[in-house]
Amino acid sequence: MEGFSVQQVLQGVYHIGDAMGVYMTLLTGEERALLVDTGYGLEDVSAMVRSLTDKPLTVLLTHAHHDHALGARWFVKTRMFARDLPAWPVYTGEAQRRAVAQQAQAKGFAVPKDYLTAPMPKPEALDEGNIDLGGMTAQAILCPGHTPGSAVVYVPERRLLLTGDDWNPCTWLFFPEALPAQAYRENVRALLRLPFEQVLCPHRARLYPRSSFEAFLQGLTDEALSAAPRADMGRKTDTREARPDKEQQFVFDYAKFQQAAFAGGEESQ
Ligand SMILES: [Zn+2]
């Protein structure tokens, strides 16, 4: 459909870009389908999904941010970890929608007349665990970091990890609700227990090998974080950009990092 780019990256796995350039992932099993994230929602996401599968559909939001969640307007029901619900009104409210509409218009994209006013169903609480799609399993895992309720999804049959915004080659950890870099790192490192071989993330089109994810974590040392130069992200907070790997960046809230380092140092004395 116009505006969407649809790419089948593995059997039954579609990585779908929307007009604004963020990606969602559709998993299609033999019995059911799961849509992970919904994009900005400028176009009918439900109709796009229905052009790919007629199976009963579950919609999972990896977190509450607008570029993943505003497409929820095209669905009756979605699910998200409850810890992200406090941020829901902020990122799906009128001010945020207006900002997105202005960005879209500046890029020459059509904005639906009801974009600012369309009802947005509040997500139901997601539980950790397996969603059986028939011959394919989606394991919903709570991984606080980018946000307190961030979800990642593991698909054992494809050895595939969907990271949400907890990992992109450009990972952002400077929003008010983001965890300190140390807590983020610990939670994301724990994902290495899973035997995934490939990774899909929401801000890139392609599959990444596990080694890219590992290189990122290996490079995310206290030394690299301490020495990271300032990066102006247009925020009041002191944002800094580390380069854990040559083609990857990690932008984080330096004050939160320092506070956590101080608290950790006190505990260990
Ligand atoms: Zn995000």
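The legends below accompany close-up views of a predicted model.

**View 1. The whole protein, with its secondary structure and overall dimensions.** In this predicted model, the protein contains eight helices and 16 strands. Its radius of gyration is 18 Å, close to the 18 Å that the globule rule gives for 269 residues, so the protein is as compact as a globular protein of that length. Taken along the principal axes, the C-alpha atoms fill a box of roughly 60 × 40 × 30 Å. Of the 269 residues, 42% count as buried, and among the contacts with a separation of 6 or more, 57% are between residues 24 or more positions apart.

**View 2. The largest nonpolar core and the surroundings of leucine 60.** The largest nonpolar core comprises 68 residues, and those with the most contacts inside it are Leu27, Leu34, Leu35, Leu60, Ala151, Val152 and Val153. Strand 10, which spans residues 151-155, gives the most to this core, with five residues. When residues up to four places away in sequence are left aside, leucine 60 touches Leu34, Val36, Arg79, Leu126, Ala140, Ala151 and Val153.

View 3. In general, the strands of a sheet pair through backbone hydrogen bonds, either parallel or antiparallel. Strand 10 and strand 11 (residues 160-162) run antiparallel and are joined by three bridges, and valine 155 stands opposite leucine 160 in strand 11.

View 4. Strand 12 pairs with strand 16 (residues 248-253) in the parallel sense over four bridges, and leucine 173 stands opposite phenylalanine 252 in strand 16.

**View 5. The buried face of helix 5.** Helix 5 covers residues 181-189, and its buried residues are Ala181, Tyr184, Arg185 and Val188. Seen down the axis of helix 5, these buried residues fall within an arc of 100°, so they line one face of the helix. As a general point, an α-helix has 3.6 residues a turn, so residues three or four places apart point the same way.

**View 6. Valine 111 in its loop.** Valine 111 lies in the loop between helix 4 (94-106) and strand 7 (124-125). With 17 other C-beta atoms within 10 Å, valine 111 is partly exposed, because a residue counts as buried at 20 or more such atoms and as exposed at 12 or fewer. Not counting residues up to four places away in sequence, valine 111 touches Leu42, Ala101, Ala104 and Gln105. Valine 111 and proline 180 are 69 residues apart in sequence, and their C-alpha atoms are 36 Å apart in space.

Definitions and conventions:
Residues are numbered from 1 along each chain as its sequence is written. This is a predicted model: local features need pLDDT of at least 70, side-chain atom pairs count only at pLDDT 80 or more; totals for chains, interfaces and linings use all residues. A nonpolar core is a set of buried Ala, Val, Leu, Ile, Met, Phe, Trp, Tyr and Cys residues joined through C-beta atoms within 7 Å. Helices (H or I, at least four residues) and strands (E, at least two) are DSSP runs, numbered from the N terminus. Two residues are in contact if their C-beta atoms, placed from the backbone, lie within 7 Å. The radius of gyration is taken over C-alpha atoms; the globule rule is 2.2 Å times the number of residues to the power 0.38. Two strands pair if DSSP finds at least two bridges between them. The arc is that of the directions from the helix axis to the C-beta atoms.
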